[in-house]
Amino acid sequence: MSSEPGREEISPPAAAAREVPGPAAEPPRSQVRFSGSGSEYFRIWVVNLLLTLVTCGVYSAWAKVRKTRYFYQNTRVDGHAFDYHGAPLAILRGRLLALVLLVAYSWSFDISRTVGLATIAVLCVAGPWLFMKAQQFKFRNSSWRGLRFGFDADLPAAYRTLLPLLVVWFSGTILGALLVPLPVLGIVGLATGLLLPLMHHTLKRYQHARISYGDVAAQFQPAVGRFYSVYFKGFLLLIVASAVGSLMALGIAWGANHFRAALGIEGPGDIRGVAIVAGGAVGIVAYLGVWPYFSARLQQVVWGNSRLGPVRFHTYIRAWPLLWLVLKCVALTVMTLGLYWPYAAIALARFRIERMYVIAPAELNEAVAGVSARTVAAGEGAADIFGLDVGL
Amino acid sequence: MATAPDTSIAATWFDGKTAAAHPVRVDVIGRALALHDAGGAHMRSVPLERTRLSEPSARAPRFVYLDDGSTLEIDDAEPFNRALDALGMRPSLPARLQRSAVAATGALAILLVALVFGYTQGVPLLARWIAFALPPSVEARLGEQFERSLDLQMLRASGLSEDHQTRLRSMLQEAAARGAPGVQYVLKSRATRQGAGINAFALPGGTIVLLDGLVEAAADENQVLAVLAHELGHVANKHGMRNVLQAFGIGAIAHATWGDFAGAAANVPVVFGALRYSREFEREADEYAVAFLRANGMDAQPLIQFFEAMAERKDHSGEGVADFLSTHPPTKERIERLKRM
């Protein structure tokens with residue numbers, strides 16, 4: 001649920017700080033710039049953390065606003081920074097709601113099957129509305145050049161698009177609770193897995209086609225094939241990473257036995273300990289190896305197919321430098337017992353944000369000067385009732 | 001005032017109605033802002049109390065939100081911040097804390113102390129309080145889940161005869177009436193699928209699982225009773241529930257501190273730590289066992305003898321997974337303490 005700096009949630013859609021010289025025929029491209037500093041964010045992080053612990057988590061909503069503002073206000077397109085206006089109390093309400101839903105979902109099946117299925121039904125019914133509200137909160141509270149972004153919150157469309165996704169997502173749990181035979185469950189699980197890229201694409205299309213900046217609406221060109229290709233390559237990579245991880249785990253186990261022998265310890269070692277270390281190593285290598293590639297490629301596809309009026313976006317993230325950066329951040333965070341984390345967050349955000357370009361047909365400054373504020377419909381104030389973090 | 005003074009601050013004004021950028025110069029005059037356009041002509045004056053300010057930051061612009069919905073974006077905010085400081089307009093407390101290196105160092109120190117204190121004292125205290133406040137049904141349900149997964153993965157039905165099992169149950173029942181009155185428990189016999197399985201463990205909710213291996217390895221039934229008394233100590237003190245709650249609390253703190261980063265790692269202690277009790281819990285259960293044995297006219301000897309036998313076994317061979325040694329390490333220190341009791 002929580003947002004991570006550097007994911008696109010932190011970098012709102014749009015355009016440019018420094019003109020990048022290109023061939024004369026090409027439209028002007030401007031790079032998105034990020035000016036956050038690790039040492040400054042470290043201070044924000046540590047104060048946020050202390051106040052969150054002291055207030056038993058209540059301050060976390062204010063912490064989220066400070067953190068988001070820091071990342072937004074340090075992100076510039078065409079020399080102008082983004083701004084974030086989310087109200088902490090709305091975020092606190094959203095977090096309490098999310099906590100209630102999470103607890104209900106985790107415990108309901110322990111109470112009884114009926115209560116469990118009822119909870120899933122409630123989640124399916126409330127889910128599209130909640131997701132829509134969360135998007136509305138996020139974009140309506142983001143601004144650039146004094147104008148707010150927006151999100152077209154059309155309730156029937158939200159249900160048409162998202163309800164089937166939720167039903168497919170929960171299908172395994174529902175059928176499992178109804179004691180459907182195992183082979184059927186396996187087939188349903190496999191089908192869900194095969195549908196996952198399509199579902200993810202549907203979600204992204206819903207999200208990106210409904211964003212607006214002032215009175216300009218965004219468009220999203222369907223890219224189902226490219227989603228499948230990214231997922232497929234990610235899956236292949238996962239297999240390779242798992243193989244490498246298993247080899248590493250074997251190496252660790254072999255080394256541990258060798259070490260014991262060298263120390264003259266007799267008898268078989270603590271098999272469980274070695275198994276845990278080895279299993280952990282496989283998991284970490286697979287996660288570290290595949291996740292950066294997967295998220296970078298997906299970000300590239302999503303932004304490459306999004307448009308805001310005449311403005312297009314281009315992201316160029318190469319997997320290897322990102323993997324290297326992630327490994328470095330993880331190693332330093334572990335070695336410093338977590339104290340490097342805020343520096344890592346800034347480094348990762350810079351990497352992702354500064355590899356994004358905004359392409360406008362003319363000077364961006366002129367292209368957007370005519371954009372005017374959208375008249376806010378009655379009832380849209382309800383967007384501020386609560387804010388939810390949805391890291392999708 | 002027709003022209004802007006040289007000391008004025010460059011900024012961009014957005015009217016909030018269009019995205020058009022208007023370059024302006026801003027002067028802080030008294031407790032008001034004077035805005036001049038690029039040509040130097042006076043645009044407007046705004047009293048500071050009718051504006052809201054974003055918090056200052058080293059490299060981010062500072063925003064001034066005017067009450068008509070327009071915004072000033074001041075990219076080089078340092079002169080503006082200084083002018084406001086001179087007026088005594090200070091940012092909010094968290095913002096000031098975040099700007100000061102001393103405060104950040106202090107916060108870090110307090111945070112580290114709080115984390116250490118929370119880990120060693122706060123979380124165990126809170127877990128104890130919650131464990132005793134929770135309705136027994138929650139604990140029972142958790143215990144059932146543990147039992148189900150143990151039965152599925154590691155255990156099978158006991159090989160002891162029905163008579164033997166009944167004898168063990170009534171032996172414990174009689175002793176518990178004197179040594180642990182009012183403690184709700186259920187004794188179940190099981191065997192491990194692999195390994196010797198010299199073990200017994202207490203699950204949340206009061207189920208005590210006694211493995212055949214332990215019954216066979218014990219020199220007499222007094223030793224079995226002593227181990228069961230120790231497990232009753234875990235039950236009476238709700239150690240199982242407290243263990244789960246503690247792991248959950250530590251996971252929650254880790255999650256709050258490092259976000260998603262620790263998410264996966266935080267689950268590891270929950271899974272693997274669930275059957276392993278801390279030294280503190282083991283000591284409490286040992287004390288309980290000794291009191292239990294004394295209430296039955298015995299002393300700590302059966303427990304000590306069993307621990308010593310186990311420690312000796314450890315020197316001779318390695319043991320399997322569901323082993324007494326891995327969940328109840330009979331350290332020298334522990335045996336010494338029992339002897340002093």
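**Strands and helices in chains A and B**

Colleague: In E11(B), which residue is the bridge partner of Leu187(B)?

Modeller: This is a predicted model, in which local features need pLDDT of at least 70, side-chain atom pairs count only at pLDDT 80 or more, and totals for chains, interfaces and linings use all residues. Residues are numbered from 1 along each chain as its sequence is written, while chains are lettered from A and ligands numbered from 1 in the order in which they are written. In E11(B), Leu187(B) has as its bridge partner Ile208(B).

Colleague: How many bridges join E9(B) to E11(B)?

Modeller: Helices (H or I, at least four residues) and strands (E, at least two) are DSSP runs, numbered from the N terminus. Two strands pair if DSSP finds at least two bridges between them. E9(B) and strand E11 (residues 207–211) of chain B run parallel, and the number of bridges joining them is 5.

Colleague: Which are the edge strands of the open sheet of chain B?

Modeller: This open sheet has 7 strands with antiparallel pairing, in the order E4-E3-E2-E1-E7-E6-E5. Each edge strand pairs on one side only, and the two are strand E4 (42–47) and strand E5 (51–53) of chain B.

Colleague: Which residue in E4(B) does Ala32(B) stand opposite?

Modeller: Strand E3 (residues 32–37) of chain B pairs with E4(B) in the antiparallel sense over 5 bridges. In E4(B), the residue opposite Ala32(B) is Pro47(B).

Colleague: How far apart are the end C-alpha atoms of helix H10 of chain B?

Modeller: The expected span of a helix is 1.5 Å times one less than its number of residues. The 17 residues of H10(B) (residues 279–295) should therefore span 24 Å, and this agrees with the distance between the end C-alpha atoms, 24 Å.

Colleague: What is the phi of Gly297(B), which follows H10(B)?

Modeller: The buried residues of H10(B) include Phe281(B), Tyr288(B) and Leu293(B); a residue is buried if 20 or more other C-beta atoms, placed from the backbone, lie within 10 Å of its own, exposed if 12 or fewer, and partly exposed in between. After H10(B) comes Gly297(B), whose phi is positive, near 70°.

Colleague: Is H9(A) roughly parallel or roughly antiparallel to H10(A)?

Modeller: Axes are lines fitted to C-alpha atoms, for helices over the stretch in contact, and angles run from 0 to 180 degrees between N-to-C directions. Angles under 35 degrees count as roughly parallel, over 145 as roughly antiparallel, 65 to 115 as roughly perpendicular and the rest as oblique. Helix H9 (residues 319–335) and helix H10 (residues 341–353) of chain A pack at about 170°, with axes 9 Å apart. H9(A) is therefore, relative to H10(A), roughly antiparallel.

Colleague: How does H7(B) lie relative to H10(B)?

Modeller: The axes of helix H7 (residues 221–236) of chain B and H10(B) come within 7 Å and cross at roughly 120°. Because of that angle, H7(B) is, relative to H10(B), oblique.

Colleague: Is Trp291(A) buried or partly exposed?

Modeller: Trp291(A) is found in helix H8 (residues 271–304) of chain A. Because 17 other C-beta atoms lie within 10 Å, Trp291(A) is classed as partly exposed.
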